[in-house]
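Dear colleague,

Please find the structure below, followed by a summary of what was found in it.

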Amino acid sequence: MRNPKWHRDEIILALDLYFKLDAGNVHSKNQQILDLSKFLNKLPIHPNKPDDNKFRNPNGVSLKLSNFLSIDGNYAGKGMSSSSKLDREIFEEFKNDRIRLSQIATSIKAAVTDSILRESVALVSDEQEENVKEGQILYRLHKFRERDRKIIERKKASSLKRFGRLECEVCEFDFYEKYGTMGYGFIECHHKVPLYSLSSVTETRTDDLALVCANCHRMLHRSGSLNLETLKTAIELLRCR
């Protein structure tokens, strides 16, 4: 059986290293490639690895970086010609945005290096994570932070004390107003901090969370470019039609 295809997180990490290396240093003996190989084996993404000896080994990692050579317009040589559609998409996405690429890669490494957090993140799953620009790890960390019951209850209590109600900060939907006592105290929390800015050591504050209805929450997660204000503006424009 073949090992699983490279996931978005893995390609982001490989591409970040690619931009830091000269073409002549893309080989399986390079210490940075050896280190990346070890790190990729720690990612809580692929629960089943048919061949542990070959899974993301130094040869495979160096081949992945060689694939980038073939699609890099600044490289005069040929490189390897086995790049995937996802390789090309991610390369095009970040070739002119290397600072954000580095931020995302650094945040992924920080989250996975923390063994306790890595185990917690591994338990979080959502069907949308494949499409998240920052990758599965940071999205799961984001969801993990959103599910911290203590901080969520503090956020709700603060809003109830201040406004006397819990309504969506985007569309103003109120579960209690709609469903009566069954909906009292019910609302979801969205972590406002951009995924690439998440740190494994930063404690979530109530100001980092926004109270949102389930629909708006899904829309906020649907696109990494959406935030509370842009979604609220989009809804208001639709209402004016």
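**Aromatic contacts**

Tyr18, Phe19, Phe68 and Phe91 are linked into a cluster by ring pairs. Rings of Phe, Tyr and Trp (for Trp, its six-membered ring) pair if their centres lie within 6.5 Å; planes under 30 degrees apart count as stacked, over 60 as edge-to-face and the rest as tilted. The model is a predicted one, in which local features need pLDDT of at least 70 and side-chain atom pairs count only at pLDDT 80 or more, while totals for chains, interfaces and linings use all residues. Residues are numbered from 1 along each chain as its sequence is written, and side-chain values use heavy atoms, with hydrogens and water left out.

Phe19 also has a charged neighbour: Arg98 lies over the face of this ring, at 3.9 Å from the ring centre. A charge sits over a ring if NZ of Lys or CZ of Arg is within 6 Å of the ring centre and within 35 degrees of the ring normal.

Under the pairing rule, the count is ten aromatic pairs. The Tyr176 and Tyr184 rings have their centres 5.4 Å apart and their planes at 80 degrees, so this pair is edge-to-face. Tyr176 is partly exposed, at a relative accessible area of 44%, and Tyr184 is exposed, at 54%. Here buried means under 20% relative accessible area, exposed over 50%, and partly exposed in between (1.4 Å probe, protein chains only).

**Overall organisation**

The chain has eleven helices and two strands. Helices (H or I, at least four residues) and strands (E, at least two) are DSSP runs, numbered from the N terminus. Read from the N terminus, the order of elements is α-α-α-α-α-α-α-α-α-β-β-α-α.

Of the 241 residues in the chain, 44% are buried. The accessible surface comes to about 14000 Å², and carbon and sulfur atoms hold 49% of it; such areas come from the Shrake-Rupley method with a 1.4 Å probe, and for residues only the protein chains shown count as cover. Among contacts with a separation of 6 or more, 65% are between residues 24 or more positions apart, a contact being heavy atoms within 4.5 Å.

Helix H1 (residues 8-18) is mostly covered, with eleven of its eleven residues buried.

Leaving aside residues up to four places away in sequence, Leu13 touches Leu36, Phe39, Leu40, Leu43, Ala105, Ile108 and Lys109.

**Cysteines**

The count of disulfides is zero, a disulfide being a pair of cysteine sulfur atoms within 2.5 Å. For the sulfur of Cys171, the closest cysteine sulfur is that of Cys213, at 3.7 Å, which is too far for a bond. Cys171 is buried, with a relative accessible area of 18%, and Cys189 is buried as well, at 5%.

**Loop residues**

Arg56 is not a glycine, although its phi is positive, at about 45 degrees. Arg56 is placed in the loop between H2 and H3 and is buried, at 5% relative accessible area.

Glu172, likewise not a glycine, has a positive phi of about 70 degrees. Glu172 belongs to the loop between helix H8 (149-163) and helix H9 (175-179), and counts as partly exposed at 46% relative accessibility.

Asp208 is found in the loop between strand E1 (188-191) and strand E2 (209-212). With a relative accessible area of 9%, Asp208 is buried. Residues up to four places away in sequence aside, Asp208 touches His190, His191, Lys192, Val193 and Glu203.

Yours sincerely
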